[in-house]
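Have a look at the structure, then work through the points below.

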Amino acid sequence: GWVITGGTDSGVMDLVGKAMHKHDPRRTVPCIGIAPFGACKEKWRMELEKEENGDTSETMFVEAPRKEDLIGDTLAGLQQHHTHCVLVDSGDRGMTAFGKELEFRECFEQYIARKLKNSARIGDSTQDSFNKRTDSSSSLTVTPSIIDI
């Protein structure tokens with residue numbers, strides 16, 4: 001199976017990411033975070049927008065903030081132990097961006113569930129199905145980008 005969360009470093013999403021890191025160190029199970037781009041802290045958005053706009057200058061590594069840095073801050077950091085992160089950009093920024101990714105997430109989860117169910121019918125293991133979908137000939141291609149909805 002796959003694990004899909006909201007991808008941020010708070011609450012259950014943070015606990016899931018940490019648990020996956022601890023109990024699946026070889027990362028055999030995809031742990032995908034789907035988060036609203038506009039709800040990410042400004043330093044995350046600036047770095048990602050720089051890459052999206054073709055800026056080839058050296059990209060700095062952005063760490064998830066420590067909990068003590070979040071006091072009074074309502075925007076999100078990304079949970080670092082997910083194997084993949086999808087950021088959905090609705091155009092909103094700040095608190096109003098939260099929840100705008102849910103329609104995409106629902107469609108994505110349904111798509112993955114259908115694909116895995118179909119693979120199970122023809123005898124593929126879940127890991128084989130994941131490997132087939134992540135190779136270069138896959139019909140499901142996920143590229144690092146900002147998705148407008």
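1. Start with the outward side: on α1, the face turned away from the buried side carries Val-12, Leu-15, Lys-22 and His-23, which are exposed (over 50% relative accessible area; under 20% is buried and in between is partly exposed, with a 1.4 Å probe and protein chains only).

2. Before going on, a word on the source: this is a predicted model, where local features need pLDDT of at least 70, side-chain atom pairs count only at pLDDT 80 or more, and totals for chains, interfaces and linings use all residues. Residues are numbered from 1 along each chain as its sequence is written, and side-chain values use heavy atoms, leaving out hydrogens and water.

3. Which residues of α1 are buried? They are Asp-14, Gly-17 and Met-20. These three sit on the same side of α1 because they cover an arc of only 130° around the axis (taken from the directions from the helix axis to the C-beta atoms). An α-helix has 3.6 residues a turn, so residues three or four places apart point the same way.

4. What covers those buried residues? The cover includes β1 (3–5) and β2 (31–36).

5. Now for the rings. The count comes to one aromatic pair (Phe, Tyr or Trp rings, using the six-membered ring of Trp, with centres within 6.5 Å; planes under 30 degrees apart are stacked, over 60 edge-to-face, the rest tilted). Phe-104 and Phe-108 form this stacked pair, at 5.9 Å centre to centre and 20° between the planes. Both belong to helix α3 (residues 102–121), four residues apart, so about one helical turn separates them. Phe-104 is partly exposed at 22%, whereas Phe-108 is buried at 11%.

Definitions and conventions
Helices (H or I, at least four residues) and strands (E, at least two) are DSSP runs, numbered from the N terminus. Contact means heavy atoms within 4.5 Å.
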